[in-house]
Amino acid sequence: MKLSWRTALLWALPILVVGFFLWQGSFATSPANLGKNTANTRMTYGRFLEYLDTNRVVNVDLYDSGRTAIVEAVDPEVGNRVQRLRVDLPGNSPEVVSRLRRDGIRFDVHPVRNDGAVWGLLGNLIFPILLIGGLFFLFRRSGNVPGGPGQAMSFGKSKARFQMEAKTGVMFDDVAGIEEAKEELQEVVTFLKKPERFTAVGARIPKGVLLVGPPGTGKTLLAKAIAGEAGVPFFSISGSEFVEMFVGVGASRVRDLFKKAKENAPCIVFIDEIDAVGRQRGAGIGGGNDEREQTLNQLLTEMDGFEGNTGIIIIAATNRPDVLDAALLRPGRFDRQVMVDVPDIKGRLEVLKVHARNKKLATEVSLDAIARRTPGFSGADLANLLNEAAILTARRRKEAMTMLEIDDAVDRVIAGMEGTPLVDSKSKRLIAYHELGHAIIGTLVRDHDPVQKVTLVPRGQARGLTWFAPSEEQSLISRSQILARITGALGGRAAEEVVFGDAEVTTGAGNDLQQVTGMARQMVTRFGMSDLGPLSLEGQSSEVFLGRDLMVRSEYSEEIAARIDAQVRSIVEHCYDEARRIIRENRIVIDRLVDLLIEKETIDGEEFRQIVAEYTDIPEKEQYTPQL
Ligand code: ADP
Ligand code: ZN
């Protein structure tokens, strides 16, 4: 693709903005950045106060406007040796200072380091200059375009918005883990390369292939690989780009696209997100969408307008074949559908192999283990995962990627960026109890997946996390497994309630409760796992979309609806009682684990189980090892 200056600048500006803030940020004295005075061992604020009470503190250095302290304390247990410990203080605590003065303890307050000031000033100047310069450049450039500045004005000419790649350079070898789809499409390559073979015997070459599957499973990649294998050009456009504000633009884009394609036949035309244009006509709120319908009609006309043996094959991708207009699926249009699904464990291993080709991995790294840790990951997730791990490897200045980087990258891909942990406070204790509630139930209920680790390091939206060793995506899940999951998910709230009382429970369980309700409801309405008996009362997905099914039809009476609610409630209540019972009976070990978790921030599954096993029996779990 040709990258115009304008596009390059549009991309460069946000990068500059972000870079600027990161750069600035690195000058502030953060606790990780305390120069020579770094102490690696941490101590909680509570413990620090205890040390003060027992006169063990000899020196205190305050940093970070009094939010962090490096404490020198003597340890009578090891012959009064001086230890250096790091303490996160709650806010800039003036009372600590007065306490230190009263007790006559040596202390010093260190200002925020300032050697970044000159650079900071320079940075402050550089940024606006770049911004103004960039804007100036943009305006000057767009001034040259006939029809005035900006995109909105140049639509009349219907500038083609599709991309063309003469050679994609992608081969079937680069696509992994979706073997069946590959096999089906192998034939398309032969159509393009040797059409005579088919036309000689009177076979009609298909015009359109619909790739159906969730995002990131490699549909675009597969289409490119077909073009690459057949050695033909690749035209692509996204359905959402067809649908513009201005009536008629979409249709004229379709015309342009097919005109170009015919000039370059044989070729592949790839339409991503075809559901954006190809939805059922006449559906949707407020009558039809004229623009979309015109575009779709144009697309249908174009597809009918050429014969299969002209050598144009249209490949379209969608995640929602059910909303497509029936006319699109008629013979002579997209009459072939190929499923492209998220890979299973074997598939994931293959995808990882493809993306590990150009990366340096330490010998200890087992792609196999990664494949096992990542059920539900799409091809794009896996590619992203290895890339994140490579970035971490570079940042840590390592020669080759180790399992450590990969584990961190998996966590990041699943749960988002790591945040900074809270300082020791009541809410940190509450989060610790909440997470340990999940973890203890996950450990003591036999049918629950085993705990992998518990952590108080926030990630994404979550303020603490309990990770469970994922079992391979099972196609069949038993009733007791679902009940175990519900109980486990209620463990957080149960712990909050048992430990802090009914009045102190927090909003932190909102997400858990949503999952719990969803699971319980499905037990009743889809899987026939309640007293209502083996009835299917709801379809696969209750998702409401504004396509065909505008109204959600309910397939049961009011009376059944009331009974469903009662059943859901009784399942959840039963599990909640169970969760509270387990928490109450294991309060002693939970208290001990909370102290440990607050001190260490992360406890891994093995250590967790060892500690729990000192107090109670852990049921043997069936560790599911998938066959490779
Ligand atoms: P989709 O079109 O299905 O949303 P893409 O083809 O755009 O997905 O996939 C995005 C990226 O993810 C690809 O460029 C590739 O790097 C990676 N990827 C996805 N699926 C696969 C796969 N099956 N094999 C190898 N790489 C894959
Ligand atoms: Zn929770």
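This report looks at two ligand sites in a predicted model.

## Ground rules

Residues count from 1 along each chain as its sequence is written, while chains are lettered from A and ligands numbered from 1 in the order in which they are written. Because the model is predicted, local features need pLDDT of at least 70 and side-chain atom pairs pLDDT 80 or more, with totals for chains, interfaces and linings using all residues; side-chain values use heavy atoms, leaving out hydrogens and water.

His434 sits in helix α16 (residues 426-444) and Asp512 in helix α18 (residues 510-525), so the pair ties together parts 78 residues apart in sequence. Helices are DSSP runs (H or I, at least four residues), numbered from the N terminus. Both His434 and Asp512 are buried (under 20% relative accessible area, 1.4 Å probe, protein chains only).

## Around ligand 1

Oxygen atoms of ligand 1 lie 2.8 Å from a polar backbone atom of Gly216 and 2.5 Å from a side-chain N or O atom of Thr220. Taken alone, ligand 1 exposes 560 Å², and the protein buries 78% of that (Shrake-Rupley method, 1.4 Å probe).

Helix α7 (219-230) is among the elements giving two or more residues to the shell around ligand 1, and α7 gives the most, with three.

Terms used: Buried means under 20% relative accessible area, exposed over 50%, partly exposed in between (1.4 Å probe, protein chains only). A polar contact is a pair of N or O atoms within 3.5 Å; within protein, one must be able to donate a hydrogen and the other to accept it, and residues adjacent in sequence count only if both atoms are side-chain atoms.
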